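Please look through the sequence and the model shown below before reading on. The report after them begins with one residue and then widens to the chain as a whole.

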Amino acid sequence: MTKLLLSLHVLAAIIAIGPVTVAASMFPAAARRGQRDALPLLHRICRVYALFGVAVPVFGLATASSLGVLGDTWLITSIVLTGLAAALLGLAVLPGQQRVIAGEDVPPGRLGMLTGVFNLLWAVVVVLMIIRPGSTTGA
């Protein structure tokens, strides 16, 4: 069961978080270049895949529970960073994109910085998942 949960967790991360990070990263550049036609699509990709992204921590917690590592520091750190990334996306990046689409004056550089921090948080979580203490990878 653990292997199935871990597989679903990794697949959900790739399928859900990947498109959000790419589309969110493309949005500020498209806004800077004045590609107004692309902005609603990029925003929609971010919104829809963010909803699917909820599956990532759900499967992650189920996997951690089956492995008996719910109290491990690396996992708690990952949970906190995931929560920060989700809050940043939901409270800053997506609303910022919506304001740009509505024609409000939002500096693309600020939106790019917020997106970069969002992506960095996910990158740290991935690294924690790979080099976690007690890992079978030998790292």
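Threonine 82 is buried, because its relative accessible area is 15%, and buried here means under 20% relative accessible area, whereas exposed means over 50% and partly exposed covers what lies in between (1.4 Å probe, protein chains only). This residue belongs to helix 4, which spans residues 73-101, where a helix is a DSSP run of H or I with at least four residues, a strand is a run of E with at least two, and both are numbered from the N terminus. If neighbours within four places in sequence are left aside, threonine 82 is in contact with Trp122 and Val125, contact being defined as heavy atoms within 4.5 Å.

The structure is a predicted model, in which local features need pLDDT of at least 70 and side-chain atom pairs count only at pLDDT 80 or more, while totals for chains, interfaces and linings use all residues. Residues are numbered from 1 along each chain as its sequence is written, and side-chain values use heavy atoms, with hydrogens and water left out.

## Other residues of helix 4, and alanine 24

Glutamine 97 also has its place in helix 4, and with a relative accessible area of 1% this glutamine is buried. Not counting residues up to four places away in sequence, glutamine 97 touches Ala24, Phe27, His43, Cys46 and Leu111. Alanine 87 lies in helix 4 too, but at 33% relative accessibility alanine 87 counts as partly exposed.

Alanine 24 is found in helix 1, residues 2-32, and counts as buried at 0% relative accessibility. Its contacts, leaving aside neighbours within four places in sequence, are Cys46, Val93, Gln97 and Thr115. Between alanine 24 and leucine 120 there are 13 Å from C-alpha to C-alpha, although they stand 96 residues apart along the chain.

## Aromatic rings

The structure holds two aromatic pairs, which are counted when ring centres of Phe, Tyr and Trp (its six-membered ring) lie within 6.5 Å, with planes under 30 degrees apart called stacked, over 60 edge-to-face and the rest tilted. One of them joins phenylalanine 118 and tryptophan 122 in an edge-to-face arrangement, 6.5 Å centre to centre with 80° between the planes. These two residues are four apart in helix 5 (residues 108-131), so they are separated by about one helical turn. Both phenylalanine 118 and tryptophan 122 are buried.

At another ring, arginine 132 lies over the face of tryptophan 74, 5.8 Å from the ring centre; a charge sits over a ring if NZ of Lys or CZ of Arg is within 6 Å of the ring centre and within 35 degrees of the ring normal.

## The chain as a whole

How many helices and strands does the chain have? There are five helices and zero strands, and the order from the N terminus on is therefore written α-α-α-α-α. The C-alpha atoms fill a box of roughly 50 × 25 × 20 Å along the principal axes. Of the 139 residues in the chain, 34% are buried, and among contacts with a separation of 6 or more, 74% are between residues 24 or more positions apart.

The accessible surface comes to about 7900 Å², and 71% of this area belongs to carbon and sulfur atoms, as computed by the Shrake-Rupley method with a 1.4 Å probe, where for residues only the protein chains shown count as cover.
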